[in-house]
Every structure is written in structure tokens, then in C-alpha cells.
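Hi everyone, thanks for coming. Let's have a look at the structure together, and then I'll walk you through a few places in it.

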Amino acid sequence: MSPNLRKRLAVAGVGIPLCALLTYAGGYVFAAGLGVVAAVGYREFAGMMRGAGTRALVVPGSIAAFLFPPVVLAAGFEGAALLATGLVPGFAALALATIDLEDRPIRSAAVTTFGALYVGGLLAFGVPLREGWVLLPQGGGGGGRIPGTLLFFLPVALTWIADTAAYAGGRTFGKRPLAPRVSPNKTIAGAVCALLGSVAVAVLYPRFLLPDAWTLGLPRTLAFGLVVGVLAILGDLAESALKRECGVKDSSRLLPGHGGMLDRLDSVLWALPAALLFLAFAA
């Protein structure tokens, strides 16, 4: 076993059970856990921006990213919209007060606002999934904490399987690049395999783990897998573009063998809102 694989397995051995426990706990424990992940991801984003010559407000942005999941739990998306609206003048005023004009404070405020929304705002879409706001109208489907936990992990598992299928398919069949200017190693064959993996998870996961809660018929289930799979691929490409723009290989070295937090979240950030919105309108 290679040292890199050993590191990856060690991180997964700690991270996966911790994520499962926080998700099972639900409520503000889960929302705070998402908030911590969002704050760490934002700090990585700010670090990449600093390397590209743009100063982001690190501490205020981290606090804002942390707040999005608890605010969604407490006040719904209306509360999150108010928070997001307040960030625009708030960060602009703070940047103007603390950053010299030569260092472009308005750009700093804009980057800070985007980073907090991108990481914290998108991760917050996991809260309604865990709390059963869709499919599980009783906040867990009347079966305790397990249904909400399983529903949250549906798009997460879908992205994990899609990533694995893309890697295997790209290495085996990949010849034509998918987006050569953004990520030369990603191939069309890998993307097709990722979508096949996404559809397979969308069909099999609810059948065996959410049989009583899943109300989508086969056509809508297939569409769910395709939509979430496509958005997961776009999320991966978006972070690849961000890293290429900033001239870095990984968002950080926080997770040995995995890179940074954003490297683990790239697809999930897009998959969570895709899953929630699809289920909200199609279920």
C-alpha cells in the first residue's frame, strides 16, 4: 500500500464516521457542523484569492460562511436571503474602513461576499434535506433520525460514486478531453461514466434505503440522477477553473492525500442545491 493511499484511508476512516454522527444528530449540531466545514472551505478560498493577488476578508467571511446553515435551520431561506443581502453593504463598508484604496477594497468586498455565499450558502442546502423539508414532511418521516440522515447522504453518495466512475472510466476509455482549458485530465468518457454512476445511485439508493419515503417514479428518478450528476460535474469543473485561475494544484493541504476541504466539496456544493430543488418541485 502506497503512503498516499494510506493517508487517504486514514482521513476517510476519521472523516466519514464523524460526518455520519453529525448528520445523525441533526438540528443545530448538524447545522453547526456544516457551518464549520463552510468556514474552513471559505478560509481556503480566501487563501487562494490572496495567492492570485486579491485580498479577501478572512475572519468576517469565515463567520458569514459559518452562519448560513444555522440561519437556514432557524429562519429558513428567507433568513438566509436577509443574511446574504446584509453581507453586501456590510462587507463593502468593512473593506472600505480597513483596506487602502490601492489594495482595491471593493474588489475585496465582492470576493468576500461571493466566497461566503458560494461555500456557506450552497452547503446550507443540506439542512432542508437532513431535516426532511422535502419528501419527509414530518421532519424525518416519522421514523426517527435515520430517514433524514439517509436523504442528506443521497446526493453526497451520488457524487462520490460519480467521481469514482469518472476516474475509472477516464483511465480506461478516456481519450477526448471534456474541458481541456479548465481541467485537461477530465475526459468525455469519464463524464459519461460519472452520469451512468449517478443514475445508478439515484435508482438503487432510494429503493433499498428510502423505500417508504421515495415517491418519485422511474422517469423522474432517472432525471434526478442526471440533473444532480450534471451539476456535480459542473461543480468539479468550477473548482478546477478557480484553482487554475489562482495557480494552485489543491485548495490547501488540510487533508493528507485529499488536498483541501474545497477539493472534497467541489461537486457536493452543486449537488446539494440541485437535489433539494429537484425534489422540492418534482416530488
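Let me begin with a question: is Leu135 buried or exposed? Keep in mind as we go that this is a predicted model. Leu135 has a relative accessible area of 19%, and the cut-off for buried is under 20%, so Leu135 counts as buried. You'll find Leu135 in the loop between helix H5, residues 126-131, and helix H6. Its backbone is worth a look too: the phi of Leu135 is positive, near 70 degrees, and Leu135 is not a glycine. As background, most residues other than glycine have a negative phi.

Arg104 is another non-glycine residue with a positive phi, about 60 degrees in this case. Arg104 sits in the loop between helix H3 (58-98) and helix H4 (105-123). With a relative accessible area of 48%, Arg104 is partly exposed.

While we're on backbone angles, turn to helix H2, residues 27-51. After H2 comes Gly53, with a positive phi near 95 degrees. And how far apart are the end C-alpha atoms of H2? They are 37 Å apart; at 1.5 Å a residue, the 25 residues of H2 should span 36 Å, so the two values agree.

Now for a pair of helices. H6 covers residues 146-173 and H7 covers residues 188-209, and they pack at an angle of about 145 degrees with their axes 7 Å apart. The crossing of H6 past H7 is right-handed. Which residues meet there? On the H6 side they include Leu150, Phe153, Ile161, Gly169 and Phe173, and on the H7 side Ala189, Cys193, Val201, Tyr205 and Leu209 are among them. The residues of this contact divide into 18 nonpolar, 5 polar and no charged.

Staying with H6, let's pick out Ile146, which belongs to that helix. Its relative accessible area is 47%, so Ile146 is partly exposed. Ile146 and Leu209 are 63 residues apart in sequence, and their C-alpha atoms are 9.7 Å apart in space.

My last stop is Asp263, in helix H9, residues 261-282. Asp263 counts as buried because its relative accessibility is 7%. What does its side chain join in a polar contact? The partner is the side chain of Lys243, at 2.9 Å. Leaving aside residues up to four places away in sequence, Asp263 touches Glu239, Lys243, Asp250, Ser251, Ser252 and His258.

That's my tour, and I'm happy to go back to any of these places with you.

How values were computed
Residues are numbered from 1 along each chain as its sequence is written. This is a predicted model: local features need pLDDT of at least 70, side-chain atom pairs count only at pLDDT 80 or more; totals for chains, interfaces and linings use all residues. Side-chain values use heavy atoms; hydrogens and water are left out. Axes are lines fitted to C-alpha atoms, for helices over the stretch in contact, and angles run from 0 to 180 degrees between N-to-C directions. Helices (H or I, at least four residues) and strands (E, at least two) are DSSP runs, numbered from the N terminus. A crossing is left-handed if the near helix is turned anticlockwise from the far one by less than a right angle, and right-handed if clockwise. Contact means heavy atoms within 4.5 Å. Ala, Val, Leu, Ile, Met, Phe, Trp, Tyr, Cys and Pro count as nonpolar, Asp, Glu, Lys and Arg as charged, and the others, Gly among them, as polar. The expected span of a helix is 1.5 Å times one less than its number of residues. Buried means under 20% relative accessible area, exposed over 50%, partly exposed in between (1.4 Å probe, protein chains only). A polar contact is a pair of N or O atoms within 3.5 Å; within protein, one must be able to donate a hydrogen and the other to accept it, and residues adjacent in sequence count only if both atoms are side-chain atoms.
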